[in-house]
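Subject: Structure handover

Hi,

Here is the structure for you to look through. Please open it first, then read the notes below it.

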Amino acid sequence: MNTRGRDGFVRRALCALLALVLLLACAELAPVRAESGGPVRVKLTRLGSPSELVFTADCDYVCSGEFSLNIPAGSTVALRADGSSLTLSCDGVELNCGSSARLLRCGSGGVRFQSPSMANVFCGDLYLSASGSAITAVLHLPMEDYLCGVVGYEMSNSYPLEALKAQAVAARNYALKKMSTQASRSYDVVDTSADQVFKGYNVSQTRVIQAVQETAGLALYSGSTLASCYYTASNGGQTEATKNVWGGSLSYSVVKDDPYDLGNASAKKTTARIAKDAGDLHPSLESALLEGVQDVLAGQKLSTAAADVKILSVERITAKNPKYAAPSRLYRTLGFELRVQSKRLSDGAAVTLAATVDVPTYGGLEDWYGLSINSSSNETVEVTDEGDCFCVTFRRYGHGIGMSQRGAQAMARDYGMTMEEILAFYYPGTELRSVALAGASYASPAGGGEAVAAAYALGKLTLYADASGESVCAKVEDGLALRVLGAQGGRVLVEVRGLQAWAPVEGLRDFEWIGEGFASASGEMVLGADASLLELPLEGARTIETLLAGTRVRLLERSENWARVETEGGMRGYLPAALLCEPEPSETPEPSAEISPEPTETLEPTGTPEPTETSEPTGTPEATVTATVVPTASATPTPTASATPTATATPAASTTPATSATPTAMATLAATATASPASSATPAPTVRPTPTLNPTRTPAPTLRPDPTAVDRPLPTGSPLPTLEPARAPEGAEGMFVPVGTLYNYVRVSSGSALTLRSKPSTAAAVVGTLARGARVRVLAFDEAWALVEATDGARGFAALRYLSTAAVPEDQPTAEDELRTPAPTEAPEEEEDVRIVDLDVVFCNIGARTTASAVLYKKNSTSGSRVCTIPAGVKLTVTAYDKSWAYVKYGSRCGFVQLKYLKK
């Protein structure tokens with residue numbers, strides 16, 4: 001290194017040393033954050049860096065963050081770190097906390113660590129973070145709670161009360177000073193002797209707790225500045241100054257003798273006994289002494305050979321060369337005054353002489369006799385004459401600055417001195433004052449909000465951050481109770497242990513509606529206004545179907561605010577009870593004589609009075625059927641009692657499409673029959689309404705026979721008949737039972753199979769499987785499940801959405817193919833005429849991806865009159881269709897919708 005480089009290095013070193021001195025000297029001018037009432041932040045380093053942390057809550061806690069979770073007292077909490085992700089599990093709830101979590105206590109108490117195991121209760125709020133699959137824990141707690149976990153482990157609960165009180169004040173001052181300088185870090189102190197030993201609250205340390213309570217808020221000040229109250233286990237009989245150890249000078253940190261520490265037999269010390277006759281000297285000491293007299297012997301022309309030299313006695317040992325200025329007793333050497341014998345080189349005669357040899361204490365005698373107490377050379381050294389030997393004693397356990405705990409013990413125990421006297425001795429010139437510190441503050445439990453229902457998790461339930469279901473925030477175990485707060489579409493807002501999140505409706509079971517009091521109900525009702533049939537009796541719940549005013553529904557259950565109903569299409573859901581009213585009673589007209597129409601092109605009823613020119617149409621009830629059969633040209637139509645032609649029917653009525661009736665060329669599966677004008681002199685009989693035709697009855701004629709049509713069986717396309725159900729098979733109670741025999745086909749993806757279960761639930765046991773395309777008999781069904789019987793006789797429950805009335809082809813059909821079934825023959829097109837393509841009841845809805853809504857027309861033409869607008873997602877009954885148009889039933893209204901807007 002050249003001269004310029006060496007000088008530059010020296011200057012930089014001196015500047016760094018000066019900066020350190022100024023920093024320590026000005027430390028007392030820093031602001032005191034804790035005096036505003038903040039908690040002490042203790043990093044729990046004794047836990048290590050575990051990837052999993054388990055503890056028991058001694059009081060109620062709340063895990064607070066983006067999501068809040070209540071942790072009841074007595075609960076066991078497990079935290080797991082995976083990279084920088086932290087997961088908390090408690091009593092069946094698993095919460096995703098992100099990279100950090102705050103556990104805030106809701107009352108007095110704390111946590112007890114089980115893994116890693118640590119004794120005592122750690123009172124306060126626990127701040128946890130994950131990094132590199134390791135968990136870091138920082139405890140936030142009030143000052144006095146912190147001191148209860150410090151004083152008993154820096155001193156001992158067995159110490160006199162006044163000594164413990166002095167320790168409490170010193171520890172408080174130390175923490176306050178650290179808090180004033182660590183604001184930029186996530187913690188103020190660690191829980192080891194690197195700061196102050198902290199081991200949590202121990203209820204058995206009654207004297208420690210009393211000392212903390214009696215000194216609450218007291219701190220030492222030097223002028224207007226908070227004092228730095230360092231303390232040590234034992235100072236070795238002399239207090240040390242901060243300027244000697246760390247370089248910073250404090251007016252109340254001085255070097256002076258401490259007779260109380262020196263006189264305490266419990267104070268740490270080590271001793272070496274050196275016999276005056278030099279017998280049994282440690283070999284290392286003897287070798288050092290012999291080496292030390294070599295020059296003296298050589299000067300006297302005496303032999304220096306080891307065989308000729310002998311140490312006869314040790315006359316005196318003197319401690320000298322202090323490490324610091326007087327009165328420091330940190331002596332670095334011991335002077336040994338010896339009597340030594342050797343031989344004169346000239347004649348070999350024995351000669352005795354005196355010699356003095358200096359031996360190092362630190363690293364010399366300290367090592368040879370095992371006198372070390374501290375890792376640094378910081379012990380006081382004392383030599384005493386014990387008659388036949390000299391005793392060399394090393395004292396001081398710790399840095400020796402500030403209060404000696406052993407000295408305080410002796411002052412209180414042996415001399416009856418008070419806390420104030422102890423503090424005045426060790427921190428001269430300071431003043432005891434009261435500091436305003438905040439006490440414990442407790443968090444409020446998470447959650448709240450009025451619950452509308454209680455429910456239980458079905459299987460392991462995933463909860464989401466919002467109703468979109470994109471972000472998972474928690475998981476709960478099967479059977480865990482939840483509070484239902486609201487709904488949005490197919491998800492409900494639930495609360496479990498204060499955690500509020502969104503769950504899919506399918507993941508909940510056993511709803512218990514609060515304040516509703518549902519009771520069984522029966523009878524038909526009419527909807528007084530347009531309304532949505534909801535999946536749950538909650539505003540915002542998912543809409544099953546939109547119902548128009550005048551729609552008839554069957555009551556299943558009813559409460560003060562809601563009614564559970566079933567539509568004519570078999571859909572079940574909830575409607576506001578206020579929108580339902582009793583149907584108006586209608587008079588039953590007298591039936592006319594039965595007339596058998598001839599199977600000719602024009603149906604001419606017989607025995608019917610001729611209408612007059614002044615005849616007016618009478619009110620005619622509608623007759624809605626869900627299925628019909630087209631007779632052949634040779635068949636003789638025979639009207640049934642439930643579909644009797646009116647006395648004034650004319651040929652034109654069956655050949656010309658009316659504005660509000662089904663067109664002549666479209667077969668009607670769910671149509672409205674309208675009577676012709678009747679005579680004013682003779683009352684005209686009306687069609688007697690019937691809800692559904694039975695497959696075993698004689699088919700009714702269409703409004704116009706089609707000579708090209710063939711007989712067809714009653715279609716089985718609709719799995720939702722409107723007849724009163726027969727008795728359900730065992731295990732299917734409450735389900736609908738089809739009239740006659742209903743067959744369906746299994747429609748699943750290629751290579752898949754449909755699972756049969758013992759009960760209508762995905763949690764029920766599997767009793768078998770059905771292959772794609774398998775034909776099954778439907779014995780009973782509801783809106784979600786069907787009890788089916790396979791060809792081999794096996795029975796079980798299958799999800800209804802996987803069953804179809806149409807046989808499954810080899811290749812998966814397109815959405816349009818699913819809607820249509822090819823006609824046996826293609827009819828020629830006619831202007832504004834809909835040809836029959838299929839006779840089946842198909843349930844469709846408006847495709848939301850195609851259009852937001854579709855128009856219902858009176859005629860199969862966009863230039864025709866509009867009936868209403870149908871929103872997307874509404875289910876419709878399709879009674880007939882061709883390549884462009886479908887004749888549908890929408891609530892109580894019928895009309896035409898363009899086929900391109902429909903989907904299954």
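The protein's secondary structure comes to 14 helices and 55 strands. Helices (H or I, at least four residues) and strands (E, at least two) are DSSP runs, numbered from the N terminus.

This is a predicted model: local features need pLDDT of at least 70, side-chain atom pairs count only at pLDDT 80 or more, and totals for chains, interfaces and linings use all residues. Residues are numbered from 1 along each chain as its sequence is written, and side-chain values use heavy atoms, with hydrogens and water left out.

**Overall numbers**

Of the 904 residues of the protein, 47% count as buried. Buried means under 20% relative accessible area, exposed means over 50%, and partly exposed is in between (1.4 Å probe, protein chains only). The protein exposes about 42,600 Å². Carbon and sulfur atoms supply 49% of that area. Accessible areas come from the Shrake-Rupley method with a 1.4 Å probe; for residues, only the protein chains shown count as cover.

Now the contacts, meaning heavy atoms within 4.5 Å. Take those in the protein with a separation of 6 or more: residues 24 or more positions apart account for 67% of them.

**Sheet E20-E21-E22**

Strands of a sheet pair through backbone hydrogen bonds, either parallel or antiparallel. Here 3 strands form an open sheet in the order E20-E21-E22, and the pairing is antiparallel. Two strands pair if DSSP finds at least two bridges between them. Which strands are at the edges? They are E20 (310-322) and E22 (350-360), and each pairs on one side only. On average, neighbouring strands of this sheet are turned by 20° against each other, direction ignored.

Strand E21 (residues 331-343) pairs with E22 over 11 bridges, in the antiparallel sense. Look for valine 340: opposite it stands leucine 353 in E22.

Two helices go with this sheet. Helix H8 (residues 283-292) lies across E20, E21 and E22 and runs at about 115° to E22. Helix H10 (residues 361-368) packs on the sheet and touches E21 and E22. The direction of H10 makes about 65° with that of E21. For these angles, axes are lines fitted to C-alpha atoms, for helices over the stretch in contact, and angles run from 0 to 180 degrees between N-to-C directions.

**Sheet E15-E14-E26**

Another open sheet of 3 strands has the order E15-E14-E26, with antiparallel pairing. Strand E15 (225-226) and strand E26 (431-434) each have a single partner strand, so one side of each is left without a neighbour in the sheet. Helix H4 (residues 161-181) packs on this sheet, touching E14, E15 and E26. The direction of H4 makes about 70° with that of E14. E14 and E15 pair over 2 bridges. Tyrosine 221 stands opposite leucine 226 in E15.

**Two buried threonines**

Threonine 215 is in the loop between helix H5 (206-214) and strand E14 (218-222). Is threonine 215 buried or exposed? Threonine 215 is buried, because its relative accessible area is 0%. A polar atom of its side chain lies 2.9 Å from the backbone oxygen of alanine 211. A polar contact is a pair of N or O atoms within 3.5 Å; within protein, one must be able to donate a hydrogen and the other to accept it, and residues adjacent in sequence count only if both atoms are side-chain atoms. Leaving aside neighbours within four places in sequence, threonine 215 is in contact with residues including Lys165, Arg172 and Met419.

Threonine 270 sits in strand E19 (residues 269-275). Threonine 270 is buried too, with a relative accessible area of 15%. Its side chain reaches the backbone oxygen of leucine 371 at 2.7 Å. Not counting residues up to four places away in sequence, threonine 270 touches several residues, among them Gly370, Val392 and Phe394.

**Aromatic pairs**

Rings of Phe, Tyr and Trp (its six-membered ring) pair if their centres lie within 6.5 Å; planes under 30 degrees apart count as stacked, over 60 as edge-to-face and the rest as tilted. By this rule there are 13 aromatic pairs. One of them joins phenylalanine 425 and tyrosine 426, edge-to-face, at 4.8 Å centre to centre with 85° between the planes. Ring pairs also link Phe55, Phe113, Phe122, Tyr146 and Phe198 into a cluster.

Best wishes
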